[in-house]
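I want to go through both chains and then look up a couple of residues.

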Amino acid sequence: MADLEMVLSNLMRYAVDYSTPLLLAALGEALAERSGVLNLGVEGIMAVGAATGFVVTLHTGNPWLGVAAAGLAGLLLAAIHAFFSVTLRANQIVSGLALAIAGLGLSSMAASGYLGRTVPKLETLHIPGNLAPSWLNDHNPLAYLALLLSPLLWLLMERTEWGLTVRAVGDDPSTARSVGIEVARLRYVCVLAGGAAAGVAGAYLPLSVYGGWFEGITAGRGWIALGIVILGFWNPLRILLASYFVGAVMSLPHVAPALGLRVNEYLLLAIPYLAVIAVLSIASIEAAKKRVGAPMSLGKSEY
Amino acid sequence: MRLKPSDRLATTLALTASLSVALLVFAAILGTHGYSVTGFARVVSSGFWPPENLSWRLSSIFINSLPVLFPALGLIVAFRMGFWNIGAEGQLLVGMAAATWVGVFLADRLPGASVLPAMVVAAFVAGALWAAGPALLRVWLGVNEVLTTLMLNYVAVHLVNYLVEYRWKDPRGFGFIRTPPLHESARIGAAEGAVLVVLAAGLVYFMLRYTQLGFELRIIGSSPKAARYAGISYAKVTLLAMLISGGLAGLGGMSVVAGLTGELMEAQRMSPGYGYTGIIAAWLGRLHPAAVVAASLFLGLIYERQSVLQATMRLGVGYTMLFNGLLLFAAISSTYLEKRLREAGRLG
C-alpha cells in the first residue's frame, strides 16, 4: 500500500498549493464582509493581480516585486469598490460585479501582449528538521504566509478590540456610528486590505503554479473564494479548512491517473465547481441548525 | 441660476454624465495601453454611410446584439424580484448546446418549418433547467444564488467543451474542434431574430405588468416582508421567475449558433461573456424591457466590430469586458447622480 500512501501524500501536497490563493483571497474577503461590505469583485481583482504579478516580474526579474505590485493593484481596485459602496452607498452587488467584469477585461488587455513568456517562480522555503511533514514542506513562502494569516486574523477578529469594532460595524452600523465609531473609515480599511490580499492571491498563480500567464488563469477562483467565506461561516479558522478541502478537490486531476480513475478530463475540471455547490448546500443546512449567519448588515449600503 | 431639473431631465443628465465619464476612462486606458483612441472610434462609427450600407450594417448590429438581448430580458425578471441570477452565461451555453443538437443532428429528420420552433423550445428548456437548480437550492436550503449560478457557468463551459470535443466533433472538420455545420433550415437572420425579440420582450413586459406572477414578483422585489404577509409564495415565484430567466438566456445561446457562427465550437470561442454582458444591459436599461432592448443594441454595436478591431488594432476580447465593466459602473453612478439632482431640484 506504499503506492496509495504516496498518492495521498501527493494529493495533500497539491492541496496546499491549490488552496493557497483561495485561502488568501477568502481571508481578505472575510475581513471586508465582517465590516459589512460584500465585494463580489474578487475574481476581477485576482485576475488583475495575476496579470500585474506576471508583467512586473517579467520586466524586473524579481517575483517578489511582482507580488508587491499585485497587492498594490488589488488595493487600488478595491478602493473603487469601497468608493461606490461606502461613499456613494451604491448597490454593493452591482458595484462588485462591475469590478469583476472590468478587472477581467483589464487583466487581459494588460497581459495578453506577453502571452507565452515565462517568469521565474517564487523560490520554495525549506523548513529544517522534522517540524513539518514532507507534504507540508518545501512550498513557496506565500503558502506559509496564508497558513499563518488564518490564525492571526482569527485572533484579530475575536480577541482584540479592533476586531470587535469591525464586527459591530458589520452587524449594526447605525448603532456603531452613534457610539462614535467611524464606520466609513473602518469599512475602507477592511475592503482595501481584502483587495490587497486578493491581488496577492492572483499573483500566486503565475508566480508559483504556472510560471506564466494565460487567458482565464484565475478560472473562477475568486468566486470560489467567496463561496469559501460562506462555507467558513466568516471564521478564519474554518475558512482555512474549507480552502484546504476545495484545494484537495482541485488537485484531483493530478492524482486521478495514479488512483486508476479513468474520468473524462472535462468532468474532472467541472468537479471543483460542483463540489462547491454541494458543500455550500450542506453548509446552509448546518448554518440553519446552528443559527450562524452572515454579518447582519452584509451587502446593505444604507444605514 | 439654480438648476431645477424635472425628473426626466435628471435621468438624462445623470446618464449622459456617467456614460461620458465611463467613455473617457475607457479612452484613457486604451491610450495608456498603446492603442489609438481615434482609430477605435473610427472603426466603431464606420460603415453607416452611404445609405446602401446602412441597412446591412444595422441588421448586422442587430444580429450581434441578440446574444446579449435575450439574456438581458430574462435577467429583468430575476432582478426585479431581487434574485441575483449571475448564471446567464451558463444558461446561455447550455441553450446553445441544445439548439446545436437540434440544428445539426435532428434537423434533417424534421419538417423544415418545425426546425426553428424545435430549436427555440430546446434552447429555452435547457436554459430553464440549468437555472432551476440554483432556484431550488435557494428555496429549499437557502443556498446563496450568486455563487451557485456562477459555479454553474464554469460547469457549462466544461460541458460544452466536452460535447464539442468528445460527442459532436465533425469527423470531416480537419481536426478542428467543432461540430458539423447547422442545417440550412436551422439558421436565423435579422427577420427571424426580430420576431423572437418582439415575442420575448412582449412576454416579459406583459408578464411583469399584467399577470399575477408579475405582480407578486414586483412585491417580493420591493419588500420581501410585505410579500410574506400578503401570503405570496416565495418558492413558487422564484422557481417560475428563474425558469423564464434561464429560458430566455438559453434563447440567447441559440441566437449565437443559429445567427452568428453556424456551428458549435469550444465555449471560449462561442461566447466572449454574453451572459455577463446581459447583466450590464439589464442594468443600463434599468430593468425596463424596452430600455433593455435599446441598451443591448448599443452593446451589440461593439460586438459587431469585434473582428474588425481585432484585425486592424490587434484588440483582444479583453477590451469589451473592460468597456462593459465601466458601463456598469456608469449605470450605478447615474442612479446616484440622479438622486442627487432630484434632491437639488427639490431644494431649488
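Predicted model: local features only at pLDDT ≥ 70, side-chain atom pairs only at ≥ 80, totals over all residues.

**Chain A, overall**

I started with secondary structure: chain A has 11 helices and 0 strands. Helices here are DSSP runs of H or I with at least four residues, strands are runs of E with at least two, and both are numbered from the N terminus. Reading along the sequence, I get α-α-α-α-α-α-α-α-α-α-α for chain A.

Residues are numbered from 1 along each chain as its sequence is written, chains are lettered from A and ligands numbered from 1 in the order in which they are written, and side-chain values use heavy atoms, with hydrogens and water left out.

How confident is the predictor in chain A? The average pLDDT (confidence in each residue, from 0 to 100) is 93 for chain A, and 99% of its residues score at least 70. Confidence is lowest in helix α1 (residues 2–34) of chain A, with a mean of 92, and highest in helix α2 (residues 42–60) of chain A, at 98.

Next I looked up the dimensions. Chain A has a radius of gyration of 19 Å, which agrees with the value near 19 Å for a compact globule of 303 residues. That radius is taken over C-alpha atoms, and the globule rule is 2.2 Å times the number of residues to the power 0.38. The C-alpha atoms of chain A fill a box of roughly 60 × 45 × 40 Å along the principal axes.

Of the 303 residues in chain A, 55% are buried; the cut-offs are under 20% relative accessible area for buried, over 50% for exposed and partly exposed in between, with a 1.4 Å probe and protein chains only. Among contacts in chain A with a separation of 6 or more, 79% join residues 24 or more positions apart, a contact being heavy atoms within 4.5 Å.

For charge, I find 17 positive and 17 negative side chains in chain A, with the centres of the two sets 6 Å apart. Lys and Arg count as positive, Asp and Glu as negative, and His and the chain ends are not counted.

**Ser19(A)**

Is Ser19(A) buried or exposed? Ser19(A) sits in helix α1 of chain A and counts as buried, because its relative accessibility is 6%. Leaving out neighbours within four places in sequence, I see Ser19(A) in contact with Ser243(A), Tyr244(A) and Gly247(A).

**Chain B, overall**

Chain B gives me 15 helices and 0 strands. The C-alpha trace of chain B spans about 70 × 55 × 35 Å along its principal axes. I get 55% of the 348 residues of chain B as buried. Chain B carries 26 positive and 15 negative side chains, and the centres of these sets lie 11 Å apart.

**Ala281(B)**

Ala281(B) counts as buried because its relative accessible area is 0%. What does Ala281(B) touch, not counting residues up to four places away in sequence? I list Val68(B), Ala72(B), Val292(B), Ala295(B), Ser296(B) and Leu299(B). I also noted Leu69(B), 212 residues from Ala281(B) in sequence and 7.5 Å away in space, C-alpha to C-alpha.

Technical notes
Charge placed at Lys NZ, Arg CZ, Asp CG, Glu CD.
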